[in-house]
Amino acid sequence: MPNVVVIGAQWGDEGKGRIVDLISEKVDIIVRYQGGNNAGHTIVIGDEKVVLHHLPSGILREDKLSVIGNGVVVDPKVLLQEIRELESAGYSANENNLKISDRAHVIMPYHREIDMARESMNGKGKIGTTGRGIGPVYEDKAARRGIKFADLIDPDSLSARLKDVLEERNSYLTKVLGGNPLNFEEIFQEYVQYGRELKGFSCDVSTLLNKSISNGQNILFEGAQGALLDIDFGTYPYVTSSSSGSGGASIGTGVSPTKIDTVLGISKAYTTRVGEGPFPTEISGELGEELRQAGGEFGATTGRPRRCGWFDAFALKYAAQINGISWLAVTKLDVLSGFEKINVCIGYLYKGQQLTSFPSNNQVLKDIEPIYLEMEGWKEDISEAKELSELPIQARKYLEKLEETTGVPIYTVSLGPSREKIIFLNEIFS
Ligand code: GDP
Ligand code: IMO
Ligand code: MG
């Protein structure tokens, strides 16, 4: 059985949680490898909705092992709350079915403060972050002043690390950002308690995963965010601060690329983006609003309205190239029912010239003109379809066009948020 990486193929919120929840049935272990609680992965089972920020989307299946890898940044306060909420919803995240890498970095209160103070100071030039401290915690990791999960669960290490970094962070927070300093003792007392509560989850994740692979188990690597929010390949600086592409799966878990077999990219049948930054196929005005309402496009983490636009095959091709996407899961096709015409962007024009590759310069991306292929829409409600042949011919042609213009075959098509509203076109777990 293959080890599969699941990534967002656009700007996040493609339905990764929905797809991972479903296919986690076919694997033994589900591991998150980057990002933190900036993620909001929604799972709908019957009438019930669960939004996960930290926990892998396999956690609802108790017989599976869920793992948080070293590449993830963990906010212990949020994580403990998420575990409690899950329990009150009738599920369980305990020391048997959840492991957390002792090398994962910890989101501290000053990370959140810095994130929010910076965004309000930057005004118009802001990134539109989720305000969860993600940029600042990854900055500290790279600057070698981070606090790891191994430190959190050891009071002496926590005290020593916090002493080392807090003075410098407070100085930045107060002198540069005009914020208030944070108190060592208050943070220490609060976080040492979180460490006590979470100690039993601590794990050497690389050893665990590699041993499991040797024993014939298979792993699903669950990405957060999306290819175009990747720190290296996304629309920088309007990106998140981690490697959200498939390459992040190795770095963020300690499993080598040679052990990964396939990459499944999740994409909406259209495109959305939350926060600032270029978005070539964005639809403004009434039509954009119509799509937002039809798709319920409001952020699962911050509740912000998502910007909506047409499917961008040119950007997806770029995402496929960088990440080796071998299969696509197309979600929310049902949302397009009722749109008379549906556009697919097949290329970018810049100053009258057709671009041959996805631009690295945001100014260029902001000024490009999308080249659209106009497709006929369909009126029917398709959410109950069980087979491809039950879809209207226009919907089938649309899917064929997505495959043709992206060069990636479709593994599955989702027609609703809940588990049963899906059609599988291919098999990748054999
Ligand atoms: P993620 O961050 O990639 O896991 O995606 P989010 O959970 O942030 O956003 C996806 C939203 O679309 C959620 O509200 C899902 O319940 C919903 N969703 C997923 N797939 C489908 C689908 O095929 N049709 C419809 N109508 N909604 C879907
Ligand atoms: P999931 O996993 C959509 C966006 C933010 C902002 C930028 C940087 O649910 O798909 P950050 O807080 O990470 O520093 O914000 O990235 N962003 C997301 N957009 N889905 C997400 O996660 C996102 N996580 C971050 O809106 O534009
Ligand atoms: Mg989301």
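Biologist: How much space lies in the largest pocket?

Modeller: This is a predicted model, in which local features need pLDDT of at least 70 and side-chain atom pairs pLDDT 80 or more, while totals for chains, interfaces and linings use all residues. Residues are numbered from 1 along each chain, chains are lettered from A and ligands numbered from 1 as written, and side-chain values use heavy atoms, without hydrogens and water. In the largest pocket (an open set of 1 Å grid points fitting a 1.4 Å probe, with protein on both sides within 12 Å along at least five of seven lines), the space is about 800 Å³.

Biologist: Which helix gives the most residues to its lining?

Modeller: The lining (residues with an atom within 4 Å of a point) has 42 residues, with Ile127, Thr129, Thr130, Val239 and Thr240 the closest to the pocket centre. Two helices (DSSP runs of at least four residues) give two or more residues each, H3 (109-122) and H4 (134-142). The most, 6 residues, come from H4.

Biologist: Which residues coordinate the magnesium ion (ligand 3)?

Modeller: One lies in the loop between strands S2 (29-32) and S3 (41-45), the other in the loop between strand S1 (4-8) and helix H1 (16-23), 27 residues apart. At 2.0 to 2.2 Å, the ion is coordinated by Asp13 (OD) and Gly40 (O).

Biologist: Is Gly40 buried or exposed?

Modeller: Buried means under 20% relative accessible area, exposed over 50%, partly exposed in between. Asp13, at 22%, is therefore partly exposed. Gly40 has a relative accessible area of 11%, so Gly40 is buried.

Note on methods. Donors are N, O and S atoms within 2.8 Å of the metal (3.2 Å for Na, K and Ca); water is not among the atoms, so sites may look incomplete. Buried means under 20% relative accessible area, exposed over 50%, partly exposed in between (1.4 Å probe, protein chains only). Grid points are joined across faces, edges and corners, and a volume is the space filled by probe spheres set on the points.
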